[in-house]
Amino acid sequence: MSAPSSTIRIGSRKSQLALVQTHWVQGELQRLYPDHTFEVCTMSTQGDNILDVALAKIGDKGLFTKELEVSMLKQETDLAVHSLKDLPTMLPEGLGLGVITERVDPADALVVHADYQEYKIETLPAGSVIGTSSLRRLAQLRYHYPHLEFKDIRGNLNTRLGKLDAGEYDGIILAVAGLQRLDFGDRIHQAIPAEISLHAVGQGALGIECREGDEEILSILQGLAHQPSTLRCLAERSFLRELEGGCQVPIGVNTSFEGDQLTLVGMVASLDGKRLIKDQVTGTDPEALGSELAAKVREQGAQEILDEIFAEARQNAQ
Ligand SMILES: NCc1[nH]cc(CCC(=O)O)c1CC(=O)O
């Protein structure tokens, strides 16, 4: 006789993007394990409740993950689906990153107002107003295009596109992945080349968190594993962890495979866009690549840039 089927509870934020991602995971797991029942439990996180504050200024790690984590530790849910880039590199005791799914395009995208259709990021006229809430996008774009103006933008995808179309911005920068997942792929005006904007650590992949040592859940999650995406994202996360950066620091990466050789490109930039330190390493051990690259950019002054940003964040928090 087979074991009685059990119900596995999946925690998710309530945002549209989170729900699309969670329902995709639920569907895939249900297809792979038809004898189990997969149930979605939605909850609000701290990050969802402070939509009108400039996120960058909050700078708290785990803003979008804490409530989901508490519920797993209380055995109320069994796993949580995150955009990997929102998942801190250090997880609470008792929890771990169970699996990384196949990554979609990790690039950033330029979305433009109707009057700016003729331009690309590299041809936008001086003074064009670009909306972004990401320090990483801001610092890199300022570095390459000091003649553009940058304005903070918050809210979910619909809100942001609405503000753009209403004329508050000439263009905004969003992740290709989020736009595609929410069926706004037709609004992608330009995928910004990696030479201009290195993407966020883990961008475009999902990270599924679960209790450490929960062998049943860990083995179920292996059904969703994607090896190349996992190696790339682990190298990126190792780089970020070594630099002790959260999701709100101007750190960008890019990874690529040539045979079994993984290349990790990483950069740290100052918020004024005046300094940008970028380097790369190649090898096969993702954790080692991340720490090796962190050491290389540190030698070139990355730590000073990060220390300035942390000092300013502490001052803002007072
Ligand atoms: N910062 C919020 C966030 N978290 C995940 C995505 C979607 C892209 C992804 O899965 O990496 C987005 C939106 C964005 O950056 O435009």
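Student: Is strand β10 of this predicted model enclosed or open, and how many of its six residues are buried?

Tutor: The structure is a predicted model. Strand β10 covers residues 206-211, and it is largely enclosed by the rest of the structure because most of its residues count as buried. The number of buried residues in β10 is five of the six.

Student: Which residue of β10 is the bridge partner of Leu79?

Tutor: Strand β3, residues 79-83, pairs with β10 in the antiparallel sense over five bridges. In β10, the residue bridged to Leu79 is Cys210.

Student: Which residue of β10 is the bridge partner of Gly96?

Tutor: β4 and β10 run antiparallel and are joined by five bridges. Within β10, the partner of Gly96 is Cys210.

Student: Is Cys41 buried, exposed or partly exposed?

Tutor: Cys41 lies in strand β2, residues 37-43. A residue is buried at 20 or more other C-beta atoms within 10 Å and exposed at 12 or fewer. Cys41 has 15, so it falls in between and is partly exposed.

Student: What is the C-alpha separation of Cys41 and Thr77?

Tutor: Apart from neighbours within four places in sequence, Cys41 is in contact with Arg9, Ile10, Gly11 and Thr77. Cys41 and Thr77 are 36 residues apart along the chain, and their C-alpha atoms are separated by 7.5 Å.

Student: Is Gln75 buried or exposed?

Tutor: Gln75 sits in the loop between α3 (66-73) and β3. Its phi is positive, near 65 degrees, although the residue is not glycine. Gln75 has 10 C-beta neighbours inside 10 Å, and the limit for an exposed residue is 12 or fewer, so Gln75 counts as exposed.

Student: How many other C-beta atoms lie within 10 Å of Asp183, and where is this residue?

Tutor: Asp183 is in the loop between α6 and β9 (190-191). Phi of Asp183 is near 70 degrees, a positive value in a residue other than glycine. Asp183 is exposed, because its number of other C-beta atoms within 10 Å is 9.

Student: Which residues surround the ligand, and how many of the shell are charged?

Tutor: The shell consists of Ser83, Lys85, Asp86, Leu174, Ala175, Ala177, Gly178, Gln203 and Gly204. β8 (171-175) and α6 (176-181) each supply at least two of the shell's residues. By class, three are nonpolar and four are polar, and the number of charged residues is two.

Student: How far apart are the end C-alpha atoms of helix α8, and what should the helix span?

Tutor: α8 has 16 residues, 227-242. The expected span is 1.5 Å times one less than the number of residues, so the helix should span 22 Å. The end C-alpha atoms agree with this, being apart by 22 Å.

Student: What covers the buried residues of α8?

Tutor: The buried residues include Cys233, Leu234, Ala235, Phe239 and Leu240. Among the elements covering the buried residues of α8 are β4 (95-100), β11 (251-258), β12 (261-269) and α9 (286-299).

Student: Which residue in the turn between β11 and β12 has a positive phi?

Tutor: β11 and β12 run antiparallel and are joined by eight bridges. They form a hairpin with two residues between them, and the turn residue with a positive phi, about 65 degrees, is Gly259.

Notes. Residues are numbered from 1 along each chain as its sequence is written. This is a predicted model: local features need pLDDT of at least 70, side-chain atom pairs count only at pLDDT 80 or more; totals for chains, interfaces and linings use all residues. Helices (H or I, at least four residues) and strands (E, at least two) are DSSP runs, numbered from the N terminus. Two residues are in contact if their C-beta atoms, placed from the backbone, lie within 7 Å. A residue is near a molecule or strand if its C-beta atom, placed from the backbone, lies within 6 Å of it. Ala, Val, Leu, Ile, Met, Phe, Trp, Tyr, Cys and Pro count as nonpolar, Asp, Glu, Lys and Arg as charged, and the others, Gly among them, as polar. Two strands pair if DSSP finds at least two bridges between them.
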